[in-house]
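This report goes through one protein chain, from single residues to the whole. Please look at the sequence and the structure before reading on.

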Amino acid sequence: MEATKKISLSEEELVSKLKSQDTLAIQALYDMYSGALLGVISRVIQHTEVAEDLLQETFIKIWNSAGSYDNSKGRLFTWMMNIARNLSIDKVRSKDFKNSNKNQDIENNVDFIDAQKEVTFNEDVLGVRDLVTSLKPEFKIVLDLVYFKGYTHVEAAEELNLPLGTVKTRIRMGILELRKNFN
């Protein structure tokens, strides 16, 4: 298996090939500048997937507007960096980006924050499991199924062969008993 060879061209060669729409130019640009441009984009956009999508958009815009590049106004990299930065800022200001940030699932955010801060919930450390074992058996078994084994109320009712209302009442009564330990 042959490794892909990275292409490197001088700035003048790149500009010339870009303006003539030579595909070798876009390949060389990507090989030479994708990491730096992704860094510029990532400073504005914190989401990896969105930043990578914007990197692609940046190269498309560079390809499509290569004819407008004027080397008397600045270096090629500066021009490309400005395209990347402007696309990133436009994305952050766009309604769909703002809405997607507002509509994130709360569970995903909680899990993300917990993972980032290395937070884990251990009911044994709090002593909750010990408190539950001290409850009346009818409360203990229902709370154990629902809170420690992950059963839904309906599943717990089916498992215990009890009406759903009875299971909910026992959960409520068990929680009220537990609260007495925290007052």
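Does Asn-161 count as buried or exposed? Asn-161 counts as exposed, because its relative accessibility is 70%; buried means under 20% relative accessible area, exposed over 50%, and partly exposed in between, with a 1.4 Å probe and protein chains only.

## Basis of the report

This is a predicted model, in which local features need pLDDT of at least 70, side-chain atom pairs count only at pLDDT 80 or more, and totals for chains, interfaces and linings use all residues. Residues are numbered from 1 along each chain as its sequence is written, and side-chain values use heavy atoms, with hydrogens and water left out.

## The whole chain

The protein chain has 11 helices and 0 strands. Helices (H or I, at least four residues) and strands (E, at least two) are DSSP runs, numbered from the N terminus.

Of the 183 residues in the protein chain, 26% count as buried. The chain exposes about 12900 Å², and carbon and sulfur atoms supply 51% of this area; accessible areas come from the Shrake-Rupley method with a 1.4 Å probe, and for residues only the protein chains shown count as cover. Among contacts (heavy atoms within 4.5 Å) between residues at least 6 apart in sequence, 54% join residues at least 24 apart.

## Two loop residues with positive phi

Most residues other than glycine have a negative phi. Asn-161 is not a glycine, yet its phi is positive, at about 55°. Asn-161 sits in the loop between helix H10 (153–160) and helix H11 (164–179).

Gln-21 also has a positive phi, near 60°. This residue belongs to the loop between helix H1 (11–19) and helix H2 (23–44). Gln-21 counts as partly exposed because its relative accessible area is 38%.

Glu-49, Glu-52, Asp-53 and Glu-57 form a patch of negative charge on the surface. Patches are made of residues with over 30% relative accessible area and no salt bridge, with like charges joined within 9 Å and nonpolar side chains (Val, Leu, Ile, Met, Phe, Trp, Tyr) within 5 Å. A salt bridge is a side-chain nitrogen of Lys or Arg within 4 Å of a carboxyl oxygen of Asp or Glu. Lys and Arg count as positive and Asp and Glu as negative, while His and the chain ends are not counted. The place of a charge is NZ of Lys, CZ of Arg, CG of Asp or CD of Glu. Glu-49 lies in helix H3 (residues 48–64) and is exposed, with a relative accessible area of 57%.

Asp-144 is part of helix H9 (residues 137–148). Asp-144 counts as buried because its relative accessibility is 17%. Leaving aside residues up to four places away in sequence, Asp-144 touches Arg-129 and Lys-149.
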